[in-house]
Amino acid sequence: MSHLPPLLPNHQHPSPSDNDNDPDEISPSVALALKLSTLPSDMFDQVLASLAALPYDIWDDDAMKNADINVLQRDMDARRARMTPRDKLETAMLFVEEFDGTRNLRNLNQAIAMMRDAINGFNAEQDTQGRFLGLRQIIPCLARRFKLTGELKDINEVIEALRVAVNIAPDNDVTAEIFYTLGDLLRDRFDSFGEQDDMTESLKAFLKGLSLLPEDDDKHIPLFVKRIAKSLKTCLASPQLIPVFMVTKSELVDGSEAQSKSKRAQILSTLGDDLLEQLLEVGGVQNLDECVDLLRAATDLDPTNANVMTRYGLSRLIRFERLSNSEDLSTALAIQKAAVDLVDETDERLPGILNNLGNVFQTRFEHGGKVVDIDEAVNVHVRALYHSKVKEEERFTFQSSLGTAYHRRFEHLWDLMDLDASVDAKQMAAATVPKDHLYRAQLYASYGGVLLQRYGISRRPEDLEKSLEIQQEAVELTPSTHPARPLRLLNLARTLQDHVLLTKDLRSIEKVISITTEVIPTLVNSNSHRLALARLRLASALRMQYLVNKDTQNDICSDDLDRAVDAARQAVDVLSILPASLDMATVCQELGNCLLARFQEAESPSASDIDEAIAVLQKGAGFPSKPVILQISCAIQAARSCIKFRGVGSGIAAYKTFFELVPKVVWIGNDLHRRYEDIGRIRNVLSEAVAVAIQAEELNLALEWAEQGRCIVWSQILQIRQPVNPALGNLAIEMKSVTSKLQKMGMESKPMIKYPNKLTTTLMSALILHTSKDKPVPIEGMSREEYAHRLAIFPSLLHDANQQEQRRLAEKYENLVIQAQELSGSDGFLRPKRFSELYAITSQGPVVFINVCEERCDAICIVPGQKEAVLIPLENFSEEKATEILSSLIDDLEEKNFRAKSRGYSKLTARTEKICSILGTLWTDVVQPVLLKLEEHLVAENGNLPHVTWCPSGSLSFLPLHAAGIYKDNESCIGQRIFDHVVSSYTPSITALLAAQTQDSTQPIAAPRVLAISQPNTPNEDELSLTVTEVETVQKIHPDLTWLNDTEGTKDAVLMGIREHDWVHFACHGVLNLENPLQSAFLLQDGSLEVADLMKESFHHKKLAYLSACRTAAGSEKLPEESVHLAAGMLMAGFADVVGTLWAIGDDDATFVAEQFYRYLKEEGGGDSRLSSYALHHAIRKQRESIREDEFYRWIPFIHFGV
């Protein structure tokens, strides 16, 4: 094809000249003569002769002033009559040129008249080629005149000319050009006069012209496609043209012989894309179904076109978001996955398609709450952002999408690393988005929301101020009619509300109320979820306004609380009818708060407010929400409200919900650090719930709850190690496979450090320098800077991948457990233990659990032969007293350096009056009341003292109950010491004790295999030469022991040795890390054997671990019930009995106690490690006899865990 006819210009040409009668203007005939003189004609001599025959010298301006125009005109008319049609066409074009210069419409009229003459001449001569040439010249001239005059006759004439021309065109290329112009002009006539037939014929002309183009004509096919799509869009917008649209669409979808699949697909996809852009820009659902149908048909016609396919997937996603049809969401996901598969990894289209795929995963997560979806969204967006073909000017789009995915995951999992990553990504995107970009307002709005979220945790005013600033700008950038404006106003309102709490500025809260009141009506008939959030925001603002006015002693409007209740009710009602909403707990809690506030503030409170508040809080607790901590918050508030307004017994049901949610908060899908952080958020409620059950006289339930709230992480570890019944068949095999992987995941002792921006920049700079400039970057097309950036963030991406794997394994494990529990006879499988199961622990004597909380302190005992728990109120003890005693003990230990990691303290420091007072209080207020109550159950056997296992909570977990007593030099104190009455052991939990009993169920070993580890010269630590003496002493009792001394004591060797022996004895440095107890460790030759390492191990049927190192049984005061220390680690790893230490021990004492301990086991116990508690009791008694009894800090630290 040579070229298309000149397209009709979209802009308005200058108006034609109105100076036709100007006497100074040269007449048209003279101008014509002048133009003729310039013709490059073969008859040039004849032209000159003709000019010479004129009675005037046309070159003489003066003579021409007096020329007789009629003579000139007559002569020129005669001359024109003798011109050929082709001469006339060429002459006519001179008039056109004159018109282009003067804008005088007469020139154009004369050109058209001469062209008509030429065409008539060609007709007479039957010169088809000449006729076509004449039509081709007159068509644009007539079209231009129509544009200037708007006269119907002109466009009618040009259309008729085109109809004639299309039938005599010399070839397909030219014919296609004519059809294109015909379609354009018919469309113009339709725009001017609205005749439906013109639109129909216009579409047919475009389609006919398109059908004539070869498939590889990439230059012209798009021009036809755009015109057709534009016309179809016009038809779609006009009711009377809908039939035209439907017929044309049907022909395109179902097929016709004239058009290829490729061309039809291009038309359908172009129109679909236009509608899609409109939907994205203005919102709503107008033409949404049509958009989806068009893009689906285009995809069916051209299934290998990734661009069309990803746009089709996007249309399905938009329809899901606006109409909530779940089929659209699943289809959108499948389509985007298919689009990704269509392109190579090096394809520059891949980042955009990945971005669309990530958005689908994110949306599915937001509506379904499955963590796997938001994990996959993050993965896909990371892949898109760091793709080598991402264009720098488009990078901000991918950064923002990734930031949103991180934010959504944070909202569900509450991982601060995700929140920081989201802020960083949004910040970079906001800094690089062009100022005139349509996406800027959306980006600013989301960035502000992320900053506000971080402010809610960090409470850094700069986060709030920045959030307010950019959200205000986002609203200003958003047109008043834009569909996203209501949501952006709501986000601004939420930010202003937090600003009120910071500044106490009532003007801001008034603005919040004004904004939400304005927004709500605009959402009534649109997005239900947004409407609920708007009403939530209004309710919260009204309640806040009431409370702030009350606090500042301003005038109070009681109507505020009534309006708040109404708004919150409406929000709950809206969310209740949606298929799913992860915001239900938030909305329910707000309604509960409003109702409780109204009840408490009312002069005549209504009981119905309390009933409704409790009911809605319970609803929030039972409705899956993000994050799950919001559900548990509703459960806690419901329980406390029940107790406050209805009595203790009514709170039991709400606390049951609380305990059902605990495994979801402290989730096995998170790493150890996160789980311990989550326990810290709820630990006080655990003891509070136990106290409520005690008050309600539900003692067995109280003990069950106490057990569920202790050593939660250890219990999870033991649970996944629990053998599965082989009768479960393939389910058992699959569960074993999952648990073997899961118990190794997330066990790192060090939390992942998220690099701040400055450090990342520093790392990048270092990596750039380190990367040799002489070597190319390994990834083709990637800059050195980008390569360095990827290397810098690689550790965090790897960590994220490991966390995701752990989450997937956890989800799979939970599903397998549910399947196993549903099988007949397995309903109790891996469920919380009932009292009847806990009772089995009493074979070794009473077990005493002590609950310490703010309201009360109690001991709950399980005793042999009694099927009900025994309650012993500790009326003289309190949480405050336990905290004071512990603080006093810690101060004394710190002062005397007993909390150091080094053995070998000065014996002179072991005497103190302070510890004497502490032991006395523990005796009178805790131990003595328990022993008195249990007196009939404490029966000595074979001359041995009865045995008691202590399981304290709170601050009492760190206090030496085993040494409680009155220590004075007078006879009145005889019998006032615990060791005169019972042998004491400790257990982290009853579950741990049951596991230890299982480990110890086999017959005692007469000649146990003993492993000893001594570290006299640990690298970079103080020398411990007497550890060798200690092991030599043990070796005299057990000559066949295996000894790893000094450099032999590597981490791998020690772990291997433990696996091959029944008993293990550590004589080395022990370190307690109070900030990160998972890093508490034995210090060996090549590093540390940490608590976290022990958590990964599962030693089978191990008997005894003797930990002769400092502070091996001391844990973190922040997690008293979790027992995160080395002694508990050995117990949970599979040892039945463990001897540990509460603080630093001396070398001499360590050797003496070890010798007495092992000698008793061999000589009195026959090598039965089940008597370890008695052996330690004996050894400490011998030690007290060998030193002064008041050197408490020397003999108290040795304690026993286990059976």
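Is R1194 buried or exposed, by its relative accessibility?

Reply: The model is a predicted one, in which local features need pLDDT of at least 70 and side-chain atom pairs count only at pLDDT 80 or more, while totals for chains, interfaces and linings use all residues. Residues are numbered from 1 along each chain as its sequence is written, and side-chain values use heavy atoms, with hydrogens and water left out.

R1194 counts as buried, because its relative accessibility is 5%; here buried means under 20% relative accessible area, exposed means over 50%, and partly exposed lies in between, with a 1.4 Å probe and protein chains only. The side chain of R1194 meets that of D1149 in a salt bridge, at 2.6 Å from N to O, the term standing for a side-chain nitrogen of Lys or Arg within 4 Å of a carboxyl oxygen of Asp or Glu. D1149 lies in helix α45 (residues 1147–1163) and R1194 in helix α47 (residues 1192–1195), so the pair ties together parts that are 45 residues apart in sequence. Helices (H or I, at least four residues) and strands (E, at least two) are DSSP runs, numbered from the N terminus. D1149 also counts as buried, at 5% relative accessibility. As a general point, side chains of opposite charge can pair when their charged atoms come close.

Helix α45 also holds the pair E1155 and R1159, which are four residues apart and therefore separated by about one helical turn. Their side chains meet in a salt bridge with an N to O distance of 3.3 Å. E1155 counts as partly exposed, at 25% relative accessibility, and R1159 likewise counts as partly exposed, at 30%.

For setting, a search of the whole structure finds 68 salt bridges. One of them joins D154 and R145, whose closest N and O atoms are 2.8 Å apart, and both D154 and R145 are buried. Elsewhere, D375, R409, D418, D800, R807, R808 and E811 are linked in a network of salt bridges.

D1046 has a positive phi of about 55 degrees although it is not a glycine, and it lies in the loop between β7 (1042–1045) and α42 (1051–1060). With a relative accessible area of 19%, D1046 is buried.
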